[in-house]
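This report covers helix packing and chain interfaces. The structure comes before the text.

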Amino acid sequence: MAGVDLTAYLLVGAVLFVCGIVCMATKRNGIGVLMGVELVLNGANVNFVAFSRYTSLGLDGQMMSLFVIVLAAAEAAIALAIALNFYNNHQTIDVDRGSELQG
Amino acid sequence: MNGAALFWFFAAVTCAGAVAVVVSQNVVRMAVWLIVALGGAAGLFFQLSADFVGATQLLIYVGGTIVLLIFGVMLTASGPYLRIKTSPGEGFLAAGVGLLFVLVLMSTVLTIDWNAGRLKLAGLGKVSADAYETALHKEGLSESDRTLLEQAYQPSAKADHAAEPAPKSGPAVAENPEAADSHGSAPKPGDVHSVPAALAYELNPGRRLTSAEAARLAALFGQEKAVVASAMPAQGDTIRPLGLALAGLRPDRDLNKVHAKAATTPGYLLPFEIVSVHLLVVLIGAAYLARTKRRRVEAS
Amino acid sequence: MNFESILTGVMNDASWGRSLGLFAPELILCVSIVALLLLRLVNADRWLPSYLIPLFASLTALGIAVYSFFQMHGAIEGIPTPGTTQTMFTGLLAYDSLTLFLRVFLLGFLALVVTLTMLSGIPDAEDGPDFYTLLLGSTIGMMLMSSANHLLILFLGIEMTSVPSYAMVGFLKGRRVSSEAAFKYVVYGAGAAGVMLYGISLLGGLTGTLEMPVLASRLSALLGPGGMNDPTSRTVALAAMMVLVGLAFKLSVFPFHFWCPDAFEGAAAEVGGYLSVASKGAAFALLVRFLLAFTGGTSVDLTSLNLALGVGLGVVAAATATFGNLAAYSQTNVKRLLAYSTIAHAGYMLMGVAAMVVLLNGPGGVDAAAKGEAATCIEGLLYYLAVYLFMNLGAFAIVAFIRNEIYSEEISDYAGLGRQVPLLGACMMICLFSLIGLPPFGGFVGKFMIFASLFQAGKIHMAMWVILVIGTLNTIFSLFYYLRVLKVMFLESRPEGARRARVSFMPSGAFVLLVTLPLLLLGASPLVNSMSDAATRVASMLVAAVR
Amino acid sequence: MQPILAAGTIADFFRQPGTWYQVPDLAATLIAAVIHATLLIHIFALSAFIFIWLERKVAGRIQDRLGPTRVGGKFGWLQSLADGIKLIQKEDLCPSAADGMLFRVAPYIACAASFAAYIVLPLSDGWVAVDSDIALFILLGLLSLEVVAIVLAGYSSGSKWSLFGGMREAAQMVSYEIPLALSALIPIVAAGTLNLSDIARMQSGWLVNWLIFQNPFTFIAFFVYFAVATAECKRAPFDLAEAESELVGGFHTEYSGMRWSFFFMAEYASMLLVSIVASILFLGGWNTGIGPIDGWLDGLRASGAASPAGWSFGSWFANLIGCIITLKKGALLVFVQIWVRWTLPRLRIDQVMLTCFKYLLPICCVLFLGAVAWPIVLTKAIGRPEAIDWKKAKISKPLGERAHEVRVRRKAERAADVDAKPATPAAFRGEPKADRGRVASVAREEGAVDSSRDVAQAEVSR
């Protein structure tokens, strides 16, 4: 695989990570923020799998990414349930709109 | 060549999807771009010959988690097409934050010479003069190998490490299981300190090594295995290795070493089982939150 | 060596004697989760109160944990040897004194919380099984956190702890504040976990391993003498920082504290008490383990990096304590006030951890003296945690019982309650005095130990003395807002027409008394010595394992 | 046997140095990809073409009508073509309330998802685009993407009927994926591999070798799988997403013309896909079920593999027959699906979910446990893992033995592949293809060949 080395994959991981962080920082829609989280997790996953191929991390990296995928699914399930609950109570999903807790 | 082309294709898809998620103003479109980004990442996993992870990504992430997210969007959309307006100020702020992160990552992760790191972990970050000379004057050494050796290593400039307590540096190298077990012409732990500091050779930080060069150097010092420790099958087929790794057997490492150090080779049976308990708890919690409160019979 | 013998070796590792038996308390909790689910299948939840199973499970598990704790510490007299550290499940979990200490801590606390919820009735009979499932699941995660020996378990433990606790915060789903608190908590929590995972990926990639005990030696081999000019050093620093961000979020440390007041105010007081104590304890254990994994390498570069890390942690700790105390001053809601006080206390405890890192990375290297001093830091931390369990749970329990009577959690509504329910008032006074750190109570001893270790650390780095001064000033400052609550409770009279609070002695008053009494015992009785002795043993065993 | 149609081989053909048709690496890969895609698209499109006609014909007969009779002769053969031409001519409408981009892109996603799953589907021994070790897993993963298209179509149409359809579909498909994967896992438990080619190879021989007859659990699992697969393809009686009598047309209410027909092509293609998978997992794949014939065909294939070129006309012919058999089996199952559609009434959405979670899922779990326990219990009880001693009856060999043969053969192939990798395949250099001959001979020995090194040793010792 000429020309493609670990750094190239890490670059993709970094782009995913940065996009995720920016997404989390700017989106006010709660589900939008969660999508940012998914991007960040995927950035880490790309790193893990790339490391598993190119460094002595070996299969540990792939194992880790498998667990991350599963844990992300669990987290999304709870987050969605909470978001629906929030929507039922507030009729909005805007994170900033919830303003009863402040101080 | 094909690999490179496919890599750039998938990388472009992934990055474009990720950027589009950020730029997009409509939540459902964000979800679509997220699918594109994650699908591209799955392609990258296949490229990295992690086919099981790639398929899992498709099945659970793209086919499950994202569908769940879209589901959530649809259930919570107040208007027909929910738009999130970002003010220009916020946009600039976000761009600034993003740029800052990119710069940080550029100055750290992306500038590392990973191949030199692998050599260092294999105990080849600093080699004794003896070992270096032996490698350099090996019979039948090709011209390119010689140039590589000369460029990759430089005489150790720092003299102060001789003052460092000697027994400490030994275990640090010997700790590395790969390095410790190869008794080839590798530098023995004591070597570094048995010679005067100036006569040791260390990796030249100015010369970035490619993967092939790192492997070649390791081979010249008789530690090929340590650097190419990850013997992932080139064509994927990771299901059996992964299954074995679950029990703590590591086909990507030397099988004979596994048993002797069973305690230090992590198997993933426990996380696998405990995650199932976690999923059960999470499902019960999510079901509780999502259903309407049951009213007691007496109350009505 | 053939395949079969290797397989046998691996399977032996998971056998009852080596792993499963040692994992028994966690297994009991897992089984009780399944039992809670299955009982609903046969409609047993109609006639069987749902708190029975978790109560029984936590008490059984606590019994086992206490037994094994004494077993381990009975076996060794005097100075423990490093070889006594054991691992479970192919090295994924550490089985050492800290694991056992935290097990006793968490399971004892779980039993108390289950009793509290049983008395205050916050999950009603319908929702009981759901609530206790989440509670048990979260506790399993905390126990994993406290025994993590592998970066995967670190992440897994944090996720297993947080995800059920998001749901617990939002458990009162009809209430607007509750759902809002849960929503904010989950959004920020998920983000922090993502950042932490990225840091873990970098660490794993750099060192080629995810096992925490070998991190230090691998990093030593990796780091050059270039200092921060070397991109590898910068990346290690970045990765460590990212992982610490995740932990700091769980600890609600200064820049990542914002979820804490919202979550505590929105959640039921019982859940707030649970989260404030249990997740703090587990996260501190994890933090200590993670930082110890970094310590002990031979590279000068790593040591200087660690020293900077320690001082940085100290600065963050000071900022956290100051911020928590300042913000608590203007609160009108008791739960919110306690949340800020939680933040401040996280700051104090973090000071102890910072002192430990500084002491272990001094110019003298990791010698016996440094280890002894570092052990004192951990001892202080553990003592503080033990005391904190009782004082915080006591305060939250009183808030919960009073809420059941007057349906309010505003400080102004507490006027005159001290005279109306003298028992709760007195207990509240003890808890708050202990939280301040006044002498006859347990809080004083813990705080004193931590400040003492800060003083020791100051000899290595001057900044620690500054932090010590800030910590002391904070203690004085915190006096004001805690006393304000007491002033309202005791000096103001109950307004006309306000709801009358009636809290009977049995069982609520007895429970509060049960939780508050240890504060006196841990502050001024021979128990101080035995507790501190136990903490010392745990700490010295933990530190002895550092190379 | 080298996969003759595998992308690697065609790409290698165009990569040979010194020939007039040599092209750069990337171009060779692209050409190979295009050839494969073209071949697969034919199956994809033609199946829709035929099944739409079949559906109308079967529906007509069941309802006591004739169905299409005019276009293209007596049986209305070309009815689908006429339909297609009509659909192409139709105006491509996009409602003003719709989210244009998503509305337009959704049908393509549906099509691409079900087409992509064909990548790993073997039609005959070696006739597979990507011969993956986790073929079934990838296939399920790709198939699960179709739901995204349906949800998007439902949402972006800007119509409440579509939205209802989309939501129902999302709930239904995501739920049914669980029993689908579980029921597909039951023959996997017996076979011990996820590689579809290997699974089919194991079933060569008499009918009793088919996995459906392996044990009682796989027998029940076949019917469960079929029911779940029907639901996964949103076919009646599970076609809640389009339920025309209540939701007008569900998620595709607003679609017209070609975009509308894309959804149908995707539907029919995935019907065929799950049917072929069923035939491979349970019904012997490309094997006829008659011992001597299968033996003869396998021999032909092996002779092709042993020949210098790596293939012969005989092996190609055997594979063609295999391909036809696979498709026939798939088509038969599709016919049953059509038959069911016009026989059974539609369920309500709550009944659909009830069926999934309260019946199918527990049944699958029980079957899974049973399939795992069956060989263990039998071994304890009667000393062999199968109820009938096929060896004594001189009909067949136990599955374990067949699986071992397949594994040995696969290992030898891999070893040869690794050996041949650095250079251009010998087949195109005009040299005798030592690797391939060796593979066949080693495979025949059934010895314990463990790695490429052992293969080489076996060669030397001979």
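## Helix pair in chain C

How are H13(C) and H19(C) oriented to each other, roughly parallel or roughly antiparallel? This is a predicted model, in which local features need pLDDT of at least 70 and side-chain atom pairs pLDDT 80 or more, while totals for chains, interfaces and linings use all residues; side-chain values use heavy atoms, without hydrogens and water. Residues are numbered from 1 along each chain as written, and chains are lettered from A and ligands numbered from 1 in the order written.

The axes of H13 (residues 300–328) and H19 (residues 463–490) of chain C cross at roughly 15 degrees and come within 9 Å. H13(C) and H19(C) are therefore roughly parallel (under 35 degrees; over 145 is roughly antiparallel, 65 to 115 roughly perpendicular, the rest oblique). Their crossing is left-handed. Residues in contact (heavy atoms within 4.5 Å) include Val311(C), Gly314(C) and Asn325(C) of H13(C), and Ile467(C), Phe477(C) and Arg484(C) of H19(C). By class, this contact has 11 nonpolar, 5 polar and 1 charged residues (nonpolar: Ala, Val, Leu, Ile, Met, Phe, Trp, Tyr, Cys and Pro; charged: Asp, Glu, Lys and Arg; polar: the others, Gly among them).

## Helix pair in chain D

In chain D, H2 (residues 25–62) packs on H13 (residues 313–341) at an angle of about 40 degrees, with the axes 10 Å apart. H2(D) and H13(D) are therefore oblique to each other, and their crossing is right-handed.

H2(D) contributes residues including Phe51(D), Glu55(D) and Ile62(D), while among those from H13(D) are Leu327(D), Trp339(D) and Arg341(D). The class count for this contact is 11 nonpolar, no polar and 2 charged residues.

## Interface of chains A and B

Here 68 residues of chain A are in contact with 83 residues of chain B. The buried area (accessible area, 1.4 Å probe, lost by two parts on being put together and summed over both) is about 6,700 Å², with 77% from carbon and sulfur atoms. In chain A, Met35(A), Arg53(A) and Leu59(A) lose the most area to chain B, together 10% of what that side buries.

## Interface of chains D and B

Between these chains, 36 residues of chain D are in contact with 30 residues of chain B. They bury about 2,900 Å², of which carbon and sulfur atoms give 73%. Phe137(D), Tyr155(D) and Met167(D) lose the most area on the chain D side, together 23% of what that side buries.

The rule finds 2 salt bridges across the interface of chain D and chain B. Arg240(B) and Asp133(D) meet through their side chains in a salt bridge, at 3.6 Å from N to O.

How values were computed: Axes are lines fitted to C-alpha atoms, for helices over the stretch in contact, and angles run from 0 to 180 degrees between N-to-C directions. Helices (H or I, at least four residues) and strands (E, at least two) are DSSP runs, numbered from the N terminus. A crossing is left-handed if the near helix is turned anticlockwise from the far one by less than a right angle, and right-handed if clockwise. A salt bridge is a side-chain nitrogen of Lys or Arg within 4 Å of a carboxyl oxygen of Asp or Glu.
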